[in-house]
Amino acid sequence: MDRLFLSSTFLTLLSLSSLSDVQPASFKFINKCRYTVWPGLLSGAGTAQLPTTGFALRTGKSKSVSVPRGWSGRLWGRTHCGQDSSGKFSCLTGDCGSGKLECGGSGALPPATLAEFTLNGANGLDFYDVSLVDGYNMPMLVIPKKSTNGTCGATGCLIDLNGACPNELKVKARGHGRVGVACRSACEAFAEPQFCCSDAYATPDTCAPSVYSLFFKHACPRAYSYAYDDKTSTYTCANTDYIIIFCPLPYTSQKLLGIRKDGAVLPLVNKTMMYI
């Protein structure tokens, strides 16, 4: 009887352990902007689309989305959105071209600030980053809710770059005082191989940072600034949930700066202030 009881207990614990391994992750979106943001979500190749691929998130509101542990894809914020007289939905920045609130299987039209995830990848780790390779449209911060295996850490861009964007990259919109609403990448703006890391510049040895990618990197040192900006821009964690904040508070105090092992100075955030 004792052996049967122990065997049954072991199987129960094993079953519970297996279930815990496949529990979905939670992505909590928080909008701290002074305007409505319309998040968009796109699954990567070979990964099923999530139940929601786009929604409205008003100022001060939050929404949690359940994401399978094997998911990979990207998410972003759309701005200045609305419907025309025919009911077609569109956005000035980050538009996914679906004509609807939901993006379906469509990604963001650049320029857009992107958060990219591969959950439960190599060695069971999540890989994530915030990328400005396709340009920038708004501040975004990604925070793992708990530190586990890997180099868990907050990443993103805390600064509004639309005003400071170089004129040759700045996207302006009529009806918005001709002010900048987004900042294009040099690749999109000029379509030249040295900026796109293509053709003769398609390797890390031949494609170096440009004056334009350095503009992004200096302002947002944790974010991807060009195609081969891996060392200071890719983060790993394991078996955790994530918070995605639009328009996070800008942390510029020297007391909140840290240095990674590679020597890059990277801004840190006070997590406890972000769970509001």
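Predicted model: local features only at pLDDT ≥ 70, side-chain atom pairs only at ≥ 80, totals over all residues.

Me: What makes up the chain, in helices and strands?

Reply: The chain has 4 helices and 15 strands. Of its 276 residues, 44% are buried. Its accessible surface is about 14100 Å², and carbon and sulfur atoms account for 56% of that.

Me: Why is threonine 79 called buried?

Reply: Buried means under 20% relative accessible area. Threonine 79 has 3% relative accessibility, so threonine 79 counts as buried. This residue, threonine 79, is placed in strand 4, residues 72-83. Beyond its neighbours within four places in sequence, threonine 79 is in contact with Tyr35, Trp38, Cys91, Leu92, Thr93, Asn137 and Met138.

Me: Why is lysine 145 called partly exposed?

Reply: The term covers values between the buried limit of 20% and the exposed limit of 50%. Lysine 145 has 44% relative accessibility, so lysine 145 counts as partly exposed. Lysine 145 is in the loop between strand 8 (140-144) and strand 9 (155-157).

Me: What makes phenylalanine 27 and tryptophan 71 an aromatic pair, and what kind of pair is it?

Reply: Rings pair if their centres lie within 6.5 Å, and planes over 60 degrees apart count as edge-to-face. For phenylalanine 27 and tryptophan 71 the centres are 6.1 Å apart and the planes are at 85°, so the pair is edge-to-face. Phenylalanine 27 lies in strand 1 (residues 25-31) and tryptophan 71 in the loop between strand 3 (62-67) and strand 4, so the pair ties together parts 44 residues apart in sequence. Both phenylalanine 27 and tryptophan 71 are buried.

Me: Why is the pair of phenylalanine 117 and tyrosine 128 called stacked?

Reply: Planes under 30 degrees apart count as stacked. Here the ring centres of phenylalanine 117 and tyrosine 128 are 6.0 Å apart and the planes are at 20°, so the pair is stacked. Phenylalanine 117 is in strand 6 (residues 114-118) and tyrosine 128 in strand 7 (residues 126-131). Phenylalanine 117 and tyrosine 128 are both buried. The whole structure has 14 aromatic pairs. One aromatic cluster is formed by Phe27, Trp71, Phe117, Tyr128, Tyr235 and Tyr242.

Me: Which residues touch the most other members of the largest nonpolar core?

Reply: In this core of 41 residues, they are Phe27, Phe29, Leu75, Phe117, Tyr242, Ile244 and Phe246. Elements that each supply at least two residues of this core include strand 1, strand 6, helix 4 and strand 13 (242-246). A second, separate core has 7 residues, among them Ile30, Ile143, Ala154 and Ile243.

Me: What makes aspartate 241 and arginine 69 a salt bridge?

Reply: A salt bridge needs a side-chain nitrogen of Lys or Arg within 4 Å of a carboxyl oxygen of Asp or Glu. The N to O distance for aspartate 241 and arginine 69 is 3.8 Å, so the pair is a salt bridge. Aspartate 241, in the loop between strand 12 and strand 13, and arginine 69, in the loop between strand 3 and strand 4, are 172 residues apart. Aspartate 241 counts as partly exposed because its relative accessibility is 24%. Arginine 69 has 10% and is therefore buried.

Conventions. Residues numbered from 1 in each chain as written. Heavy atoms only, no water. Buried < 20%, exposed > 50% of the residue type's maximum accessible area, 1.4 Å probe, protein only. Areas by Shrake-Rupley, 256 points an atom, 1.4 Å probe, with all protein chains shown as cover. Contact = heavy atoms within 4.5 Å. Core = buried A, V, L, I, M, F, W, Y, C linked by side-chain atoms within 4.5 Å.
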